[in-house]
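Subject: Structure for your files

Hello,

Please find the structure below, followed by notes on what turned up in it.

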Amino acid sequence: MTSHQSPQTMKPATAAKKLGVYLEATPAEFQEGVVSRTELSALQADPPQWLQDLRRNGPHPRPVVASKLGVSIAGLARGGVTEPLTTEQIEALKDEAPEWLEKERATQAEVRKETVRIKEKNAERAAKAAQQDS
């Protein structure tokens with residue numbers, strides 16, 4: 001008995017998220033179809049021109065904008081940035097360096113430091129526990 005497996009597919013929004021692009025900026029055929037895992041892998045391995053252009057110039061989704069600015073998504077919202085931005089707009093924001101951006105970058109740096117501190121503390125605890133067990 002042979003089993004016919006249908007390929008796993010995902011909605012365009014999920015595929016766009018995995019590709020790190022803003023769905024509304026993708027071609028209509030991408031937005032209206034479904035994407036198989038095989039197609040997604042092919043897009044990641046050998047991106048077509050439209051995908052290369054989107055990744056380079058935007059508009060970029062919030063997670064990408066936040067990453068490029070070095071802030072959290074919540075920090076973007078606190079700064080009033082709710083729409084996707086192009087690479088040019090992101091660079092202009094960096095050059096402008098508004099007060100909210102500097103504040104959010106400092107907050108993000110503190111969060112990263114705290115995350116490292118907690119990770120190190122947990123590693124020390126695990127090492128102590130392993131020593132006590134042996």
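The domain bounds used here come from an automatic or database domain assignment. On that basis the protein splits into domain 1 (9-56) and domain 2 (59-133). This is a predicted model, in which local features need pLDDT of at least 70, side-chain atom pairs count only at pLDDT 80 or more, and totals for chains, interfaces and linings use all residues. Residues are numbered from 1 along each chain as its sequence is written, and side-chain values use heavy atoms, with hydrogens and water left out.

The centres of domain 1 and domain 2, taken over C-alpha atoms, lie 25 Å apart. Seven residues from domain 1 and six residues from domain 2 make the contact (heavy atoms within 4.5 Å).

Between domain 1 and domain 2 about 510 Å² is buried, 62% of it from carbon and sulfur atoms; buried area is the accessible area (1.4 Å probe) that two parts lose on being put together, summed over both. On the side of domain 1 that touches domain 2 there are four nonpolar, one polar and two charged residues (Asp, Glu, Lys and Arg count as charged; Ala, Val, Leu, Ile, Met, Phe, Trp, Tyr, Cys and Pro as nonpolar; the others, Gly among them, as polar).

Leaving aside neighbours within four places in sequence, Glu104 is in contact with Val71, Gly75 and Arg78.

Regards
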